[in-house]
Amino acid sequence: MNDSSKKSRRRRSSSLLYQEPQESMEHLSDQAAIPNLNANWVNAKGAWAIHFVLIVALKIFFGIIPGIQPATSWILTNITYMAGSYLMFHWVRGIPFEFNAGAYDNLNMWEQMDDGDQFTPTKKFLLSVPIILFLASTHYTHYDLTYFTINVLALLGVIVPKLPMSHRLRVRFLSGPPDDRYLDER
């Protein structure tokens, strides 16, 4: 095989989990140069209140749909909030702005918040909201086993990615292959 064909064919791992590598010095300096507007809003006034507003709005929305029982509206509120939270904080990588030279392209929003520090007040709050919603949803569904199982699975799907052991950990079939720029720098 010639040299060019070796570069075009990269060995793929069969593992479902992979650890996102640390950024290079260039990416770290790009991250330090400009504040991250994508993740800094979570520390602003009113950012915490929007979670309760969304939960109440979802509960009202699902509660006014004809034919939906109160227990079902709670489970739908829980699942919708958890799915939206996972999508926003753990699924989408990078930022929508182009002014940072791709410094955050392989980080999801949870990893970008508070410069990646764990257990900051904001991250503690965002960890506690799904737990509180789980407890309320479980209570108002009268501890029904089917609803409880759905609630637990939704809770685990949102809590596990927030734990320190999951920092920079990717599940390959959920998040796609790693970005090429990090593979080339190794």
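**Notebook: cores and a helix pair**

I began with the largest nonpolar core: of its 15 residues, Y81, F89, M113 and L126 touch the most other members. A nonpolar core here is a set of buried Ala, Val, Leu, Ile, Met, Phe, Trp, Tyr and Cys residues joined through side-chain atoms within 4.5 Å, and buried means under 20% relative accessible area with a 1.4 Å probe, protein chains only. I noted that this is a predicted model, where local features need pLDDT of at least 70, side-chain atom pairs count only at pLDDT 80 or more, and totals for chains, interfaces and linings use all residues. Residues are numbered from 1 along each chain as its sequence is written, and side-chain values use heavy atoms, leaving out hydrogens and water.

Helices are DSSP runs (H or I, at least four residues), numbered from the N terminus. I found that α7 gives the most to this core, with four residues.

A second, separate core has seven residues, including L127, F134, A154 and V158.

Next I looked at α5 (residues 70–91) and α7 (residues 121–140): their axes, lines fitted to C-alpha atoms over the stretch in contact, come within 9 Å and cross at roughly 165°. The two helices are therefore roughly antiparallel to each other, a label for angles over 145 degrees.

Who makes the contact (heavy atoms within 4.5 Å)? On α5, I listed W74, Y81 and F89 among them, and on α7, L126, F134 and Y140 among them.

Methods
Axes fitted to C-alpha atoms, helices over the stretch in contact; angles between N-to-C directions. Parallel < 35°, antiparallel > 145°, perpendicular 65-115°, else oblique. Contact = heavy atoms within 4.5 Å. Buried < 20%, exposed > 50% of the residue type's maximum accessible area, 1.4 Å probe, protein only.
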